[in-house]
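Have a look at the structure first, then read on.

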Amino acid sequence: MSTPSTTRIVGANVPRKEGVDKLLGRACYVDDIDRDGMWHGATVRSSIPRGLIRSIAFDRRIDWSEFAIVTAADIPGENCIQLIVADQPCLADGKVNHCEEAILLLAHPDKHKLREAVGAVQIEYEPLQPIFTIEESERQDVAVWGADNLLKSFLLEKGDVDSAWAHAARIIEGEYRTGAQEHLYIENQGVIAEYSAESGVTVWGSLQCPYYVFKALRAVFDLPEDKVRVIQTETGGAFGGKEDYPSTLACHAALLAMKSGHPVKMVYDRMEDLAATTKRHPSCVRHRTAVDRNGKLLAMEIDLAADGGAYATLSSTVLSRATLHSTGPYVCPNIRLHARSWATNYVPYGAFRGFGAPQAIFAMERHMDEIAAAIGIDPIELRRRNFLHVGDTNATEQLMREPVILDQLLDRALKESDYHARRAQFARENPASPVKRGMGIAAFYHGSGFTGSGEVYLNSLGGIDVMPDGKVRVLVSNTEFGQGTNTILTQIAAEALGIDYADVTMAAPDTGVVPNSGPTVASRTSMVIGRIIERACSQLLELLREHAGLGATYTPAEFFAACERYRALHGEVVSLCRYEAPPGIVWDDQRYHGEAYGAYAWAVYVAQVAVDTVTYSAEVEDFWAVQEVGRVLHPVLAAGQIEGGIAQGIGYALYEKVVWQDGRMANNQMTNYIMPTAEDVPPIHVSFEEIPFQFGGFGAKGLGELPHDGPAPAILNAIRDATGVAFNSIPLLPEDLYLGLAAAQPAEETAAR
Amino acid sequence: MSTNESATSSKRWPAIRFNVNSEARIVKVPPMKRLLDVLREDLHLTGTKEGCGEGECGSCSIRMNGELVNSCLVPVLQVEGADIQTVEGLALDGALHPLQEAFLCHGGAQCGICTPGMLMAAAQLLERSPNPDMPQIREALAGNLCRCTGFIRIFESVAAAVDAQSASPATKLTTEQMHHAR
Ligand code: FES
Ligand code: FES
């Protein structure tokens, strides 16, 4: 591992690898691609949330002979999308479990003919009673999934919670809720598929995880590995939304390609994308916390419930991450945490940046401010008294071995935001002003990479090869969708090999070309894959020194000359490595005990808000984000990730509401699903503390998801500071503010501020 | 200037003539076809993107007779005789436009899908007011949604392009950059 002063390329703001193509408008997204003889596909979807399909009829006004029509009966393999639990059909067969569930597929050479045709397929249902809330699902009066609606549950216990209550100075309870959130990547979901009996299925698409799609296609088509190929095209944003859904869409397009004998493109329009694809899991978290007189946490009992939607998809792993982020960056000797994910009849909820952590952290960090208020301690001080330090253990009794610098992050955040002075100023100004200002804080961590034994189980394989044209290629299945995968991994390879950034390229993200280095999720790319690439580079240098006369020091020209000598001897120049777990990672999946993550990124965020008590609008006026994410490989990209995540977090807190009507998203347009615009985002001040992590790529830990964790609690804590009213549910829209402030009116008049 | 007739033209439709990136073009397509689709499908200029199809996201932004418009809302019959500029017309003679240069250096593009529209909105701003302040930059970009960047680095890129424009002309692209392929 190197220190910042000894690297040339890592740590430098090199131009984004695919940046010029994107700026010239020539980067090739899936909808920019046409294949010869290509047809277009469309989906006939369920119009009811739950029921049996009684009949399917085709209106005579359409000449159906022009169309390819696919139903579940056309599926050559298993009618199931492979993910974790095999419960989600590729096409509904006799029964639907959510609105917009795919029932039948159509393809036609002219895409403008499809809309009318979709409307001309008439489906009759026998409706069954749906479930739309976590509470109904918990009651289990109606079973919509399995025998009990329970998609997954975890129980985590530490110490002895039951005997802790007796010693408490105070016991504080609270309930916190978060809503669904749409990814709103600007490029909608889309794929192109081809099929032939000889070469099988080929899919190009906007996606995060080529090998997830590969696995899904193999099962649906019952094909061997060499007959399925998945190629990621330039991807216009994903944020988790293109982790699992593309598997379904790819299977649909490929079925149509097989049936029609033509390449088939399926690109959703915005309304279909919003209505039919995954969102962030809504949650309800109940906290019961015992503290002593000084505000030390004595016991936490947490009951976390997530709405998983109609099928299991990724709910178990989202719940796992929610569980492991529920107790915050604090020391607490006694914990009982019950987490459950419940089935309902909504479109299945899926992965979204943070993956359960934003929900859990919203509850914990909001609750910390309520504890502080209840015992009359400053919220900053309460956090400081309970922070984890090196040598402490967290909820899973993982020993903190790596540096934990929460105090330092907190001090810096307070200083940069001028927290105390601003708070004092607002306390003076608020009483006479219709606009109430406040400051709020959130302290949190985000675990990097897969949970527990997840990375060992993934067993990722990645590396580099050297092409005869004198370029090194990075061989990974990890994809670029804006976060900077291409740039970061080529920086790492160029640095480790001692060659120029321009001498390294990315191999095409094509399962026919690159090995399976796992999915591009869970903030794992820089840390886990970066480390694999770094090791593969060292391994290649050793080979070249041993077998091709590479000197102890060398120029890039000497490096490539040695590669050619090696090629002459061995045919190819390639170096692959498998994931190696850092030492001491022991995880017990049954007890949820041990090393939950190889590393944690740590952060303290501060929000300044203004609440207008005339218009009931809340605005974030300023935002500070201080974090420790290991080594920062590319400062501009890293800050861009943090800022983008914070903007999404602001939307999560104050703007973005999915409106449901009988199980269907009613506001499935950009006109009425509102994300923050250029005029809504505040100045965002990003700072990093850097402590290189020795088992991450050039010292990196994960950072992509971290910034979505902190904004919502920091903002709602700031609103509490501004108004004296605790709001415990997001999104918090003006009508919610109005109701909350109106209800609190009498209390507020007697309050001190 | 060359005159290219769209390959997918059909005799059934009247010819519509307009300039795209200083090139005269003729298309024979249904007059209500969206300009966005004509650019992408008939003229194969796929740099202009569709994000919403209803005038909300700005990723289809182009310039038409010096105005910024959402090409998803414009039926092609309205462009008869118009001058259209798309992202493909920003970089000229092998040089990145100062805005493109600035977006590249300052992290203004992440996934890149909003970028063509964002560049056109920014280009429009710089033509109207060569020295915009931050509120003007924010206002000018308010019709263009970016889900990746949180806008901060886009603002910085535009501000940097303003500085660069007053300082030096655009740099030539290296051959490697122009022919860069993944
Ligand atoms: S596609 Fe035209 S504004 Fe969104
Ligand atoms: S860079 Fe991805 S939407 Fe703007």
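A polar contact here is a pair of N or O atoms within 3.5 Å; within protein, one must be able to donate a hydrogen and the other to accept it, and residues adjacent in sequence count only if both atoms are side-chain atoms. By that rule, chain B and chain A share 25 residue pairs in polar contact (both at pLDDT 80 or more). Bear in mind that this is a predicted model, where local features need pLDDT of at least 70, side-chain atom pairs count only at pLDDT 80 or more, and totals for chains, interfaces and linings use all residues. Residues are numbered from 1 along each chain as its sequence is written.

**The interface**
- Counting heavy atoms within 4.5 Å as contact, 50 residues of chain B touch 61 residues of chain A.
- Together the two chains bury about 4,500 Å², 55% of it on carbon and sulfur atoms (accessible area, 1.4 Å probe, lost on being put together and summed over both).
- There are six salt bridges between chain B and chain A (a side-chain nitrogen of Lys or Arg within 4 Å of a carboxyl oxygen of Asp or Glu).
- One salt bridge joins the side chains of Asp32(A) and Lys49(B), at 2.5 Å, N to O.

**The largest cavity**
- A cavity is a set of points on a 1 Å grid over the protein atoms alone where a 1.4 Å probe fits but cannot get out; lining residues have an atom within 4 Å of a point.
- The largest cavity holds about 560 Å³ of space, the volume being that filled by probe spheres set on the points.
- Of its 36 lining residues, the closest to the centre are Gln483(A), Ser523(A), Gln641(A), Gly704(A) and Glu705(A).

Definitions and conventions
Chains are lettered from A and ligands numbered from 1 in the order in which they are written. Side-chain values use heavy atoms; hydrogens and water are left out. On a 1 Å grid over the protein atoms alone, a cavity is a set of points where a 1.4 Å probe fits but cannot get out, and a pocket is an open set with protein on both sides within 12 Å along at least five of seven lines; lining residues have an atom within 4 Å of a point.
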